[in-house]
Amino acid sequence: MKTLLGKGIIIMTIGIDDLRNSLNIGSDIEFKFNGIAYSIIPSTPKGILFGRQYSDDEQYFSSSDAFIDNCKIEGKQIKDIIGEIEIL
């Protein structure tokens, strides 16, 4: 989904089904939430890697469903804030 903000400014967002599909096919995802950049790398030996960019704060999840059900950003579940994240 694309959201147009003013003249020529486009913010890319993603839905929960698109997120699940992207993780299942192994697509890396970079996004911002509240001005902070995060990365999701689904194809690692330990599972799906999630963390803040330029930080050692990492979490691993065994599947896309485990990620969607358990990943939290600023105390909020990703599935509850998915419409607020900006895809980079």
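This is a predicted model: local features need pLDDT of at least 70, side-chain atom pairs count only at pLDDT 80 or more; totals for chains, interfaces and linings use all residues.
Strand β3 and strand β4 run antiparallel, and five bridges join them. Together they make a hairpin with two residues between the strands. In the turn sits Asn 34, whose phi is positive, about 50 degrees. On the other pairing, β3 is joined to strand β9, residues 86-87, by two bridges, and these strands also run antiparallel. There, Lys 32 has Glu 86 of β9 as its bridge partner.

Which residues of β3 are on its covered face, and which on the uncovered one? Ile 29, Phe 31 and Phe 33 are on the covered face, while Glu 30 and Lys 32 are on the uncovered face. In a regular strand, side chains alternate between the two faces of the sheet.

Next, the core. The largest nonpolar core holds 20 residues. Among those with the most contacts inside it are Phe 31, Ile 40 and Ile 73. Three helices, α1 (16-24), α2 (64-70) and α3 (78-81), each give two or more residues to this core, and so do the strands β3 (29-33), β4 (36-44) and β5 (47-52). Take Ile 73 as an example. Leaving out residues up to four places away in sequence, Ile 73 touches Phe 31, Phe 33, Tyr 38, Phe 50, Ile 78 and Ile 81.

Now the charged side chains. How many salt bridges does a search of the whole structure find? It finds three.

One is between Asp 17 and Arg 20, with the closest N and O atoms 3.5 Å apart. These two are three residues apart in helix α1, so about one helical turn separates them. Asp 17 is exposed, at 51% relative accessible area, whereas Arg 20 is partly exposed, at 24%.

Arg 20 also meets Asp 65 in a salt bridge, 2.9 Å from N to O. Asp 65 is in helix α2 and Arg 20 in helix α1, so this pair ties together parts 45 residues apart in sequence. Asp 65 is partly exposed, with 41% relative accessibility.

Another salt bridge joins Asp 69 and Lys 79, again with the closest N and O atoms 3.5 Å apart. Asp 69 belongs to helix α2 and Lys 79 to helix α3, ten residues apart. Both count as partly exposed, Asp 69 at 38% and Lys 79 at 34%. Finally, shared partners join Asp 17, Arg 20 and Asp 65 into one salt-bridge network.

How values were computed: Residues are numbered from 1 along each chain as its sequence is written. Side-chain values use heavy atoms; hydrogens and water are left out. A nonpolar core is a set of buried Ala, Val, Leu, Ile, Met, Phe, Trp, Tyr and Cys residues joined through side-chain atoms within 4.5 Å. Buried means under 20% relative accessible area, exposed over 50%, partly exposed in between (1.4 Å probe, protein chains only). Helices (H or I, at least four residues) and strands (E, at least two) are DSSP runs, numbered from the N terminus. Contact means heavy atoms within 4.5 Å. Two strands pair if DSSP finds at least two bridges between them. A salt bridge is a side-chain nitrogen of Lys or Arg within 4 Å of a carboxyl oxygen of Asp or Glu.
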